[in-house]
Amino acid sequence: MAVDYFLHEKIWFEKYKYDDAERRYYEQMNGPVSSSSHQQCAPTEDCITVLENGASTILRDIARARENIQKSLAGSASTTSSGPAGDQNELLSRISHLEVENQNLRSVVADLQMAIFKLESRLNALEKSSTSHQPSPVPPTQKVEPFSVPSKKVELPSASPAKKVEPAAAEEDDDDDIDLFGSDDEEEDQEAAKVREERLRQYAEKKAKKPGLIAKSSILLDVKPWDDETDMAKMEECVRSIHMDGLVWGASKLVPVGYGIKKLQIQCVVEDDKVGTDILEEEITKFEDYVQSVDIAAFNKI
């Protein structure tokens, strides 16, 4: 009977377990509050005090959160209040800058208008002066009737060129008949021809006496002996003994060839129209006792 009675009764026998779970939850969220919270308690007045302490900590957290929210709201309000003021200052500075630029532009426009006005006045003055200096047009023909003779008419010189065309044409025909280069007297023609021939002859003689440009060449010859026993001084003397019109001998030196043999390298200047290289080689090779061969080492036009 007793068991059935308890079945129908609504009694929370395990409330202390839920209280411990709630306590542990708040301790994890807010930290330990006091030393009494670490002790296990039965569902008595001590547990109620613990719960009250936890609630007070929650209230403190809520109050702290409210303070933080109020501070943040106050800061945002200050920033919003300072923002429009800064924008207003910037707008004022821009407006002042634009006003200064506007004043400068107005002064520039005024200067330009003044310059244009001065130019227009100068142009008007120039136009007036040009019109004042232009001569008035003269009519082509004017007829003046004198008081004494009403029937007689006088024409101004403007009409006279038409009447003088024929005499001018006649004068041109007379000029065509004149021979500027001819002479009526035959003796004068003969004298002029003699003078012309004399001048041409003098010019031809002067041109013939004037020396023309002479083409010259610089030649470097290699004269080779027979052997090392050849007298090189005698060979050079023989080469220099050659005399021709337009030939001038220059410097010379002995150049070793090999095996104790040396060749004579001699320079000369010749006139192209008078001395040829073939003739020069033939003249040098005539000294058969000393000269074996002659070669042209260098040939330059002067």
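Student: Does Y26 count as buried, partly exposed or exposed, and why?

Tutor: Buried means under 20% relative accessible area, exposed over 50%, and partly exposed in between (1.4 Å probe, protein chains only). Y26 has 30% relative accessibility, so Y26 counts as partly exposed. Y25, at 47%, is therefore partly exposed, and M29, at 56%, counts as exposed.

Student: What should I know about the model itself?

Tutor: This is a predicted model, where local features need pLDDT of at least 70, side-chain atom pairs count only at pLDDT 80 or more, and totals for chains, interfaces and linings use all residues. Residues are numbered from 1 along each chain as its sequence is written, and side-chain values use heavy atoms, with hydrogens and water left out.

Student: What is the average pLDDT of the protein chain?

Tutor: pLDDT is the predictor's confidence in each residue, from 0 to 100. The protein chain averages 75, and 65% of the residues score at least 70. Residues 35–43 have a pLDDT below 50; this stretch has eight contacts (heavy atoms within 4.5 Å) beyond near neighbours in sequence. Where pLDDT is low, the predicted coordinates should not be read in detail.

Student: How many aromatic pairs does a search of the whole structure find?

Tutor: A pair of aromatic rings is described by the distance of the centres and the angle of the planes. Rings of Phe, Tyr and Trp (its six-membered ring) pair if their centres lie within 6.5 Å; planes under 30 degrees apart count as stacked, over 60 as edge-to-face and the rest as tilted. The search finds one pair. The ring centres of Y25 and Y26 are 5.5 Å apart and the planes lie at 70 degrees, so this pair is edge-to-face.
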